[in-house]
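Look over the sequence and the structure below.

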Protein chains: 2
Amino acid sequence: MNARPGIAVAPDTRPDMHAAFTEAVISAGGQPAPLGEAGALVWADPYAADGFPEIIARAPHAEWIQLPYAGVELFAEHFDRDHVWTCGKGVYSEPVAEYAVAAMLTAFRDFHLFARARSWPAQTGRSLFGANVTVLGAGGITRSLMRLLEPWGCRMTVVRRSPEPFEGAHLTLTGTHRHIAVADADAVVVALALTPSTRHVIDAALLEAMPAAAWLINVGRGGHVDHDALARALRTGSIAGAVLDVTEPEPLPDSSELWSLPNCVISPHVGNTPEMGLPLIAGRVHENVTRWLTGQELIGLVDPDLGY
Amino acid sequence: MNARPGIAVAPDTRPDMHAAFTEAVISAGGQPAPLGEAGALVWADPYAADGFPEIIARAPHAEWIQLPYAGVELFAEHFDRDHVWTCGKGVYSEPVAEYAVAAMLTAFRDFHLFARARSWPAQTGRSLFGANVTVLGAGGITRSLMRLLEPWGCRMTVVRRSPEPFEGAHLTLTGTHRHIAVADADAVVVALALTPSTRHVIDAALLEAMPAAAWLINVGRGGHVDHDALARALRTGSIAGAVLDVTEPEPLPDSSELWSLPNCVISPHVGNTPEMGLPLIAGRVHENVTRWLTGQELIGLVDPDLGY
């Protein structure tokens, strides 16, 4: 008999994730258990939120629920104070920050144009050295992004909820000053959690406040951007371009005007790909199972009221 | 009367460069002079090598000749030991290293595919974190590249003429071991000077020695790569892809097969664009004029025998 309460891994709709999480539970000294006997639940499908309430109901003894992604908006309506909630917060920050740098360099050095060329193109491009980069959001992605951009000597402005200066930023502003924060930006990176208060934070007014030479990089969620306003800004050249790793909806339908705009690059939510992300989140599951079994504080705690 | 010998800036075929160099000469305390009276010559057109011998002949008192680019192969046949030769060596290393990072990130994160997409593409991409990067060449570009890649924790292999370990590289190998140096590379970056001994250094055998997952990044000269062998390697998938900022000839003709290969990205020699490069080389001219006038050693000395 094992005295420690077991840990359920569910659902099994994503076999590779289910297998990796089960292995992480076992390697951390945990005991896989059926839902009815489990003291904790590791959720193993980032998108199967519909089945969530039913499975939770079948795990009446689960005190802790680990979610797989950093963004938890699909699960937010189910949050309660009866459980401790954790997510993948911070786990994916390095690949996502890398994506943001790749997007900025693609945009600044015109690789989107060169990739499409079938004939010697014009000699264009600008440098990221010393550029003004404004990041909306002050989480793990922003921290990783500042680390990767350090050799470029960019002037970093961070926009966050609290007025506390973000370490390494040249300027930290709160959300109410976001129009000022983007006014001299060469690139604006959205790295926020999606909540009711950040929905459409990139609206017509914010796009209007950006310089005509600025690029928008969205590694947050599609809902952060008013796509109609963005399409207008891209069409009229009121901003230089946009790189979107997230859209609303996903997949973005073929009928979207954004596909046809030459200054818009869309990638299919690959800030971290499943291949990049699975070992990282499995590592987090391992770490949290270890912590839970030994009574330490869990990492990546979700605040049910804030929704992230 | 000004006792210092004057400095000629010629030819005037590139008015912006001529103006910037003349200003650099004056701001460094130099005296612009006609060719016949000049003690030094600042060459102000990177491509007008044909007129070089005639203009040199008209400047019999010139002891020092400053060339505008880092690569001087167009002028190499005119090198002699009667003059001190300097070039833009090292000046452009930061923008070119930035280009190489942009190329690697474009390739690894599949931005070349996303830029072309008109419909939600497959979720692909790999990370540069911890990748094996092999650089052919041990000059300023390599130094800048290592600085930019430092946060990515790449394993860096440098291939150079001398066996002296390159600072910061995990492994330094001489050119005779280049096939070993690329054998486990995720990216191979060509950052060499073009000389008779480096022509077609990327040939069928070297491409064959690279892993199927490896990308070739050429920021050296088109002549470093056997384009026929490269096209074959790209077509058969014996390497993953290539990003070429330099080709032979330039512009690359529309008839080149390379334009049509989906795993090949060609940019029009923009490692540094004229806009990025002109202030950098003008700064070098200023620095060297100061040094020449005060009898200090010049920067960017060309060895007439080595040809770079």
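How much area is buried between chain A and chain B, and what share of it do carbon and sulfur atoms give? In this predicted model, the buried area is about 4,600 Å², and carbon and sulfur atoms give 66% of that area. Within what chain A buries against chain B, A:R109, A:F111 and A:W120 supply 18%, more than any other three residues. The contact draws 50 residues from chain A and 50 residues from chain B.

Polar and charged groups also meet across this interface. There are 27 residue pairs in polar contact between the two chains, counting pairs with both residues at pLDDT 80 or more. The salt bridges between chain A and chain B number two. One of them joins B:R109 to A:E98, with the closest N and O atoms 2.9 Å apart.

On the side of chain A that touches chain B, the elements giving two or more residues are helix 3 (93-108), helix 4 (111-116), helix 5 (140-149), strand 11 (264-266) and helix 9 (274-293). Helix 3 of chain A gives the most, with nine residues. By type, the residues of this side are 28 nonpolar, 13 polar and nine charged.

Chain A also holds an open sheet of four strands in the order 1-2-3-4, with parallel pairing. Its edge strands are strand 1 (6-10) and strand 4 (84-86), and the twist averages 20° from one strand to the next. Strand 2 (residues 38-43) and strand 3 (residues 64-66) of chain A pair over three bridges, and A:V42 stands opposite A:Q66. Helix 1 (residues 15-27) of chain A packs on the sheet, touching strand 1 and strand 2. Helix 9 of chain A lies across strand 1, strand 2, strand 3 and strand 4, at about 165° to strand 3.

Definitions and conventions. Residues are numbered from 1 along each chain as its sequence is written. Chains are lettered from A and ligands numbered from 1 in the order in which they are written. This is a predicted model: local features need pLDDT of at least 70, side-chain atom pairs count only at pLDDT 80 or more; totals for chains, interfaces and linings use all residues. Side-chain values use heavy atoms; hydrogens and water are left out. Contact means heavy atoms within 4.5 Å. Buried area is the accessible area (1.4 Å probe) that two parts lose on being put together, summed over both. A salt bridge is a side-chain nitrogen of Lys or Arg within 4 Å of a carboxyl oxygen of Asp or Glu. A polar contact is a pair of N or O atoms within 3.5 Å; within protein, one must be able to donate a hydrogen and the other to accept it, and residues adjacent in sequence count only if both atoms are side-chain atoms. Ala, Val, Leu, Ile, Met, Phe, Trp, Tyr, Cys and Pro count as nonpolar, Asp, Glu, Lys and Arg as charged, and the others, Gly among them, as polar. Two strands pair if DSSP finds at least two bridges between them. Axes are lines fitted to C-alpha atoms, for helices over the stretch in contact, and angles run from 0 to 180 degrees between N-to-C directions.
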